[in-house]
Amino acid sequence: ASEFILKSQKIAIYPENLNGPLKSKSGVKEALSRNQLMLSYISMVKNIDFAKISPTYKLTTGETLIPDLLISFDNKGKSEYFFFEVVRSFAGWEKRLLEKQSLYKKFIEGFKPSKKIPNVPQLILVAEDDVHAFKIFKTMLMNDCMPENQQYIYTTDNRVISDRIHDNGLFVFKLQENNDVHLNIINPKILELV
């Protein structure tokens with residue numbers, strides 16, 4: 001069914017990535033969340049060039065970064081790339097988050113344009129809910145996982161399936177001078193709704 005929807009929207013699909021192995025309950029939850037996110041964007045946003053599940057990028061350190069999902073948007077004739085990383089709660093999720101975010105930080109801070117991706121992708125972290133998103137933000141802030149030249153954007157499972165994905169689907173956390181943290185909704189102009 002998802003392959004039919006992708007083809008009907010003229011979205012490039014990569015069959016070798018659709019049936020990857022799932023080894024745990026958290027892996028199944030991540031795949032379900034990723035697929036729901038992809039289907040929501042494809043059904044609500046018309047300026048998507050392509051989506052790719054689990055693309056692979058070699059870092060200059062020899063390590064490999066594998067985002068859960070890459071979506072390319074057409075922004076007035078220019079491609080804009082977004083990585084989506086699904087984060088689920090399970091015993092030890094913080095350790096896994098820090099390992100993955102360390103790779104993202106290295107990728108973003110050492111980014112070199114290529115034919116594959118000519119500009120730095122924006123990372124969007126997909127949390128379970130707003131409270132979980134704040135836990136992710138706090139964990140990364142306390143462990144220096146935030147890249148110097150990019151702010152991470154967040155969304156949640158409920159925000160992804162909302163019919164208001166364009167006006168409340170994405171948000172950032174702003175750290176104030178008094179160490180208060182505010183959740184700020186962002187409305188990226190890049191999303192052209194169906």
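E85 and K100 form a salt bridge, their closest N and O atoms lying 3.1 Å apart; the term denotes a side-chain nitrogen of Lys or Arg within 4 Å of a carboxyl oxygen of Asp or Glu. The pair links distant parts of the chain, with E85 in strand β5 and K100 in helix α4, 15 residues apart. Helices (H or I, at least four residues) and strands (E, at least two) are DSSP runs, numbered from the N terminus. E85 has a relative accessible area of 6% and is buried, and K100, at 19% relative accessibility, also counts as buried. Here buried means under 20% relative accessible area, exposed over 50%, and partly exposed in between, with a 1.4 Å probe and protein chains only.

The model is a predicted one, in which local features need pLDDT of at least 70 and side-chain atom pairs count only at pLDDT 80 or more, whereas totals for chains, interfaces and linings use all residues. Residues are numbered from 1 along each chain as its sequence is written, and side-chain values use heavy atoms, with hydrogens and water left out.

A search of the whole structure finds 7 salt bridges. One of them joins the side chains of R96 and E30, at 2.7 Å from N to O. Because R96 lies in helix α4 and E30 in helix α3 (residues 25–44), this pair ties together parts that are 66 residues apart in sequence. R96 is partly exposed, with a relative accessible area of 39%, whereas E30 counts as buried at 9% relative accessibility. A further salt bridge is formed by R159 with D130, where the closest N and O atoms are 2.9 Å apart. R159 belongs to helix α6 (residues 157–161) and D130 to helix α5, so the pair ties together parts that are 29 residues apart in sequence. In this case R159 counts as buried, at 13% relative accessibility, while D130 counts as partly exposed, at 31%.

The strands and helices named above also take part in β-α-β units. β5, α4 and β6 make a right-handed unit of this kind, and β6, α5 and β7 make a right-handed unit as well. A crossover is right-handed if, with the strands pointing away from the viewer, the path from the first strand over the helix to the second runs clockwise. β5 and β6 run parallel and are joined by 5 bridges; two strands pair if DSSP finds at least two bridges between them. Within this pairing, V86 stands opposite V126 in β6. β6 also runs parallel to strand β7 (residues 153–156), to which 4 bridges join it. There V126 stands opposite T155 in β7.

How far is β6 covered? The strand is mostly covered, 6 of its 6 residues being buried. In a regular strand the side chains alternate between the two faces of the sheet. Both faces of β6 are covered: Q122, I124 and V126 are buried on one side, and L123, L125 and A127 on the other.

The largest nonpolar core contains 27 residues, of which F83, F107, L125, I136, M140, Y152 and Y154 touch the most other members. Such a core is a set of buried Ala, Val, Leu, Ile, Met, Phe, Trp, Tyr and Cys residues joined through side-chain atoms within 4.5 Å. At least two residues of this core come from each of β5 (78–86), α4 (93–109), β6 (122–127), α5 (130–142) and β8 (170–175). The largest share, 6 residues, is supplied by α4. A second, separate core of 22 residues includes Y41, M44, V45 and L170.

Y152 illustrates the surroundings of one member of the largest core. Leaving aside neighbours within four places in sequence, the residues in contact with Y152 include Q101, Y104, K105 and I108, together with L123, L125, M140 and V172. Contact means heavy atoms within 4.5 Å.

Most residues other than glycine have a negative phi. K76, a residue other than glycine, has a positive phi near 55 degrees. K76 is placed in the loop between β4 (69–75) and β5, and at 80% relative accessibility K76 counts as exposed. D144 likewise is not a glycine, yet has a positive phi of about 55 degrees. D144 is found in the loop between α5 and β7 and is exposed, with a relative accessible area of 53%.
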